[in-house]
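Me: Please examine the model below with me. I shall ask for the ground on which each term is applied.

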Amino acid sequence: MTANVITYRNRMAAREMGKALGLDPETLGKISAAVATWEFRDENDALDRRFRDAGLDLKHPRLRKYYELCLAVQDMPRHLGQHSGGMVICQGQLDSVVPLEPASMPGRVVVQWDKEDCADMGIIKVDLLGLGMMAVLKDSIELIRNHYDAEVDLAHLPADDPAVYSTLQQADTVGLFQVESRAQMSCLPRLRPKRFYDIVVQVAIIRPGPIVGQMVNPFLQRRQGREDVTYPHPSLEPVLKRTLGVPLFQEQLLRIAMIAANFSGGEAEDLRRAMGFKRSEARMKEIEAKLRAGMTRNGISHEAQEQIILSITSFALYGFPESHAASFALIAYASAYLKCHYLAAFTAALLNNQPMGFYSPATITKDAQRHGLKMLSVDVMCSEWMCTLESVPSTEYQVPGNTFSTPESRTIDNFVIPIPGRRRGAEESRISILGTRYSQLVSPALRLGLRQVRGLREEGAQALVRERIRNPFTSIQDLSRRVPELRKDELTTLAEIGALNSIGSTEYRVLSKPFVIPPPARTRGAEESRNSVPGTRYSQLHRRDALWQVERAVRSTGPLLENLNEPDSRSPLPAMNHEERLVADFHGTGLTVGPHPMAYRREWLNAMGIRRASELRDIPNGKRLRIGGCVITRQRPGTAKGFVFVSLEDETGVANAIIAPDLFHRNRLLLASERFLAIEGILQNQDNVISVKAERVLPLFVTKAETVSHDFH
């Protein structure tokens, strides 16, 4: 593997130089919070200004030296990392050419040069791209095969599935490959994909190269019929016709150079290498001079030359080959197809392969619930290591003495927000029970796996599952005795998140078996019919009862009483309230399957005039309003000229806000660190791309739960 040379940046330099000088952790924490790590930087991001924001007086001799050391180590190598997929191929012994060292991962060896050094030395490097989404697709197909009695072949998916294109056009793409980012979501309603090649374009267009090359808006305007399709020169029409006269792919840029400037194949290859080379500025200048000379000889006007040069040179910032975009588009289409038609299986696979993608498991969970998926919490009596599928009652069903609630009843434990007016998808239609007045008696639900529990080792979790298969646990003491691999802190976390509540319950719902959809032509047997009747679950314990029993179970009772299995009993402690459960859920798993934190505070939020995310689509463009929610992403891309993009999630969806540079500088710490925000501004609704142009930002106290955001700088 080739190496990545990890160099000092502002935050890392501030931390490590501070440690070397013996600064206290509290001061280092303040400095780290203040120091910018955004891709975009301006004079307000200078290190001395950030230090002053952290309350440091640079006139102090020791602090002045600290500041100078931080500047001195900027861009200096810190350590060697491992390239994500760069494999070096050689003949003979590689260590006779370049020094090697063992990687931190067993069985891996790292070349002590980075990819640019290897290229300079003529060493062959091949990038083997490993994508997390490929694992998600594989696991989804396996879950579908095992639980739906259906076979999905990625090579033979329906080419024009209406549900897929509807999802893409509405930018309902949380969890989908390559099209889930904020920038992609803002482009999808304007591009409105209708066929596969549109997805190829969508994947390629939101890249630094096309953005800096000013290709995005012209393409979208032409796509919407608001601008005529033109070409820099008539000779380029065969190359640019399929992308409406706008170059979007590397192959097009190379063909333009060969046609407009008479580049040879070798010169075009030099251009391709320069476009993909980080140190390409000088090389691009040389090639630019050749391009201009060739276009001048061919009689191309100065204006057209400037347009072509801008297109080509901007691709040095990063542009996609068309073949690469097509491959990614196929994966994007497959992920959308599985989410639309097999939501439970796709979500389970997505959670089982975290961390990956643009959003945290908490956001993925809430998005799935808004699409009608029932999520079940971690339970030591049901959960495997991975997330699994189960059957659950999904509509109200009456049997003597019992009532089974629908998701619309909005229970606290397993909260589902139905989408108003949503038509049933393929997954729901497939499992409808016809010929009765009760449809959808059984539907797929996702049971969170033990892997979601923070601090729980796989060794202990697998031991728990093995013991439970042998014989169900009768008490928390029984669990502690039979699974000695579980530490006290692991048992405590399981108790705090409610995973021990059902142990020893005398009445437990019958539908805790894996979810299987029988084939339509097959008659269900007696056992299936018996298990399809919904049952109830009565937890004997609440979370504090379980914590009480854990404290009791982990204490040694001596050989005389250790095998005496005593049932769990109630504790004198009160049950947790919803805030305490939220805090415990996010601390223990990073998510909650109960109501969104904003749902508990909705009455107060309404009084403040804070709109739900789902309401924004019906509000006129240009109206002043307030939005609020949990911050799930923050972005300040280098191509956005200092603008910051913030996504806020509430119980109904995600609202997006645009923060101007001056507003960001006035509220830097608030915007960079607050978990919940209220933003006041002007609603912008352009081509169904909805955002709020912020004028005022306020902190919003909703919960003490440790929610997280994915901040892509």
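Me: What makes Gln-82 part of a strand?
Reply: Gln-82 lies in strand β2, residues 77-82; strands here are DSSP runs of E with at least two residues, helices are runs of H or I with at least four, and both are numbered from the N terminus. This is a predicted model, in which local features need pLDDT of at least 70, side-chain atom pairs count only at pLDDT 80 or more, and totals for chains, interfaces and linings use all residues. Residues are numbered from 1 along each chain as its sequence is written, and side-chain values use heavy atoms, with hydrogens and water left out.

Me: Why is Gln-82 called partly exposed?
Reply: Its relative accessible area is 29%. Buried means under 20%, exposed means over 50%, and partly exposed is the range in between, with a 1.4 Å probe and protein chains only. Gln-82 is therefore partly exposed.

Me: Which residues does Gln-82 contact, leaving aside its neighbours within four places in sequence?
Reply: They are Met-1, Thr-2, Asn-4, Ala-103, Arg-108 and Val-110, where contact means heavy atoms within 4.5 Å. Thr-2 is 80 residues from Gln-82 in sequence, yet their C-alpha atoms are 6.5 Å apart.

Me: What share of the contacts with a separation of 6 or more comes from residues 24 or more positions apart?
Reply: In the protein chain, that share is 71%. The chain has 30 helices and 18 strands, and buried residues make up 49% of its 713 residues.

Me: What makes a set of residues a nonpolar core?
Reply: The members must be buried Ala, Val, Leu, Ile, Met, Phe, Trp, Tyr or Cys residues joined through side-chain atoms within 4.5 Å. The largest such core has 103 residues, and those with the most contacts inside it are Met-133, Leu-448, Leu-450, Leu-479 and Leu-500. Helix α17 (residues 322-341) supplies the largest share of this core, ten residues. Apart from it lies another core of 23 residues, including Ile-619, Leu-625, Ile-679 and Val-697. In soluble globular proteins, nonpolar side chains tend to be buried together.

Me: Which residues does Leu-450 touch, not counting those up to four places away in sequence?
Reply: Among them are Val-378, Trp-385, Leu-456, Leu-464 and Leu-494. Ser-383 and Glu-384 are also touched by Leu-450.

Me: Why do β7 and β8 count as edge strands?
Reply: The open sheet of three strands has the order β7-β11-β8, with mixed pairing. β7 (374-376) and β8 (388-392) each have a single partner strand, so one side of each is left without a neighbour in the sheet. The twist averages 40° from one strand to the next.

Me: How many bridges join β16 to β17?
Reply: Ten bridges join β16 to β17 (residues 689-699), and the two run antiparallel; the bridge partner of Asn-685 in β17 is Ile-690. β16 (residues 676-686) also pairs with β13 (residues 624-635), in the antiparallel sense over seven bridges. β16 and β17 form a hairpin with two residues between them.

Me: What is noted about phi at Asp-687?
Reply: Asp-687 has a positive phi of about 55° although it is not a glycine. Most residues other than glycine have a negative phi, and most peptide bonds are trans. Asp-687 is in the loop between β16 and β17, and its relative accessibility of 27% makes it partly exposed.

Me: Which peptide bond is cis, with omega near 5°?
Reply: The bond from Gln-354 to Pro-355 is cis. Pro-355 is placed in the loop between α18 (343-352) and α19 (361-370).

Me: How is the packing of α8 against α9 described?
Reply: Helix α8 (residues 182-191) and helix α9 (residues 196-205) pack at about 145°, with their axes 10 Å apart. Axes are lines fitted to C-alpha atoms, for helices over the stretch in contact, and angles run from 0 to 180 degrees between N-to-C directions. In the packing, Gln-184, Cys-187, Leu-188 and Leu-191 of α8 meet residues of α9 including Val-201 and Ile-205.

Technical notes:
Pairing = 2+ DSSP bridges.
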